[in-house]
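This report describes how the parts of one structure meet. Please look over the sequence and the model below before reading on.

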Number of protein chains: 2
Amino acid sequence: MNIGDVAKRTGLPAKTIRYYEEIGLIRPLRDTNGYRVFREADFHKLAFLGRARALGFSIEDCRTLMALYEDEDRASADVKRLAKKHLDQIEEKIAQLQSMQTTLTHLVQECAGDNRPDCPILKDLASG
Amino acid sequence: MNIGDVAKRTGLPAKTIRYYEEIGLIRPLRDTNGYRVFREADFHKLAFLGRARALGFSIEDCRTLMALYEDEDRASADVKRLAKKHLDQIEEKIAQLQSMQTTLTHLVQECAGDNRPDCPILKDLASG
DNA sequence: ATAGGGGTTCCAGTCACGGGAAGGTCAAGG
DNA sequence: CCTTGACCTTCCCGTGACTGGAACCCCTAT
């Protein structure tokens, strides 16, 4: 498989796949013409990475998860701890965003949104 | 006021304040020794920026909001449109995170988290 | 011979700062 | 007068996870 094929099959941009090689997440072979050659195992790794990234795991977390996946002697506790920590961060982020959402929703509701200059949004920003 | 005073009063790091000057959001005066000198108006601008940033507005949005704030002939509709667009993005982000949260919560619940290698989290990542 | 659709590398930019080096300034204490 | 320590200055690099683009090579079909 060339990079274009893997890109189609995984849904990852070719640029991203090259980047993952650059940072050592995958090690595809090379053809005599210099083209990357992806084996089925490379494809599986990329699909794994794509799903982990879609769940919001950082690249470094993905690296750890892949290492755990390939370690037959892993403890599921290590995976769970990583996932739980990530979940906690997601929940914290959601809380932050919801706080912004609450404030902004109120402000937007209160703003007339006409061609007059009077605006509660700016008033709030100006005076806390 | 020197930068340290403004940093304390606004809660913004001095580094951030220097950065805001660099990108033209504020224009403090300079003392003969080269130190930045902040007037009350500069402090107000920084406080405004701090609050806008805390609501998640991008720097460019903040620039626009400040311009609108200083424009006596603004239309509140322009402010409202900007805030609404930002609110929509926040809500989209929240939805994405909640989707991750749902999946991760299930996976974490199902994982035994002991010293055995069997792990539904890795299983999910490996096979979609 | 050429056109096109692959592929390759390398460089720069994103966003909003943060860290740290190297050095100038100022007020207080010995 | 000298030093100490807390300020302040500029400058440059690094962050995360890519994305865009330039310049160039490779392969197949016409």
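## DNA strand C

DNA strand C is surrounded by 19 residues, and the closest are A:Gly4, A:Tyr35, A:Arg36, B:Lys15 and B:Tyr20; a residue is near a strand if one of its heavy atoms lies within 4 Å of it. Of the atoms of DNA strand C that come within 4 Å of the protein, 71% belong to sugar and phosphate.

This is a predicted model, in which local features need pLDDT of at least 70 and side-chain atom pairs count only at pLDDT 80 or more, while totals for chains, interfaces and linings use all residues; side-chain values use heavy atoms, with hydrogens and water left out. Residues are numbered from 1 along each chain as its sequence is written, and chains are lettered from A and ligands numbered from 1 in the order in which they are written.

Which elements supply the surface near DNA strand C? Helix H1 (3-10) and H2 of chain A, together with H2 of chain B, each give at least two residues. H2(B) provides the largest share, four residues. Helices here are DSSP runs (H or I, at least four residues; strands are E, at least two), numbered from the N terminus. By class, this surface has seven nonpolar, six polar and six charged residues. Ala, Val, Leu, Ile, Met, Phe, Trp, Tyr, Cys and Pro count as nonpolar, Asp, Glu, Lys and Arg as charged, and the others, Gly among them, as polar.

## DNA strand D

19 residues surround DNA strand D, the closest being A:Lys15, A:Tyr20, A:Arg53, B:Gly4 and B:Arg36. Helix H2 (14-22) of chain A and, from chain B, helix H1 (3-10) and helix H2 (14-22) each supply at least two residues of the surface near DNA strand D. The largest share, four residues, comes from H2(A). The residues of this surface divide into seven nonpolar, six polar and six charged.

What does A:Lys15 approach on DNA strand D? A polar atom of its side chain lies 2.3 Å from a base oxygen. Phosphate oxygens of DNA strand D lie 2.9 Å from a side-chain N or O atom of A:Arg53 and 3.2 Å from a polar side-chain atom of B:Arg30.

## Chain A against chain B

In chain A, 50 residues are in contact (heavy atoms within 4.5 Å) with 50 residues of chain B. The area buried between the two chains is about 4,300 Å², and carbon and sulfur atoms give 74% of it. Buried area is the accessible area (1.4 Å probe) that two parts lose on being put together, summed over both.

There are 20 residue pairs in polar contact between chain A and chain B, both residues at pLDDT 80 or more. A polar contact is a pair of N or O atoms within 3.5 Å; within protein, one must be able to donate a hydrogen and the other to accept it, and residues adjacent in sequence count only if both atoms are side-chain atoms. On the side of chain A that touches chain B, the elements giving two or more residues are helix H3 (40-54), helix H4 (59-70), helix H5 (76-110) and helix H6 (120-127). H5(A) gives the largest share, 21 residues. By class, this side has 28 nonpolar, eleven polar and eleven charged residues.
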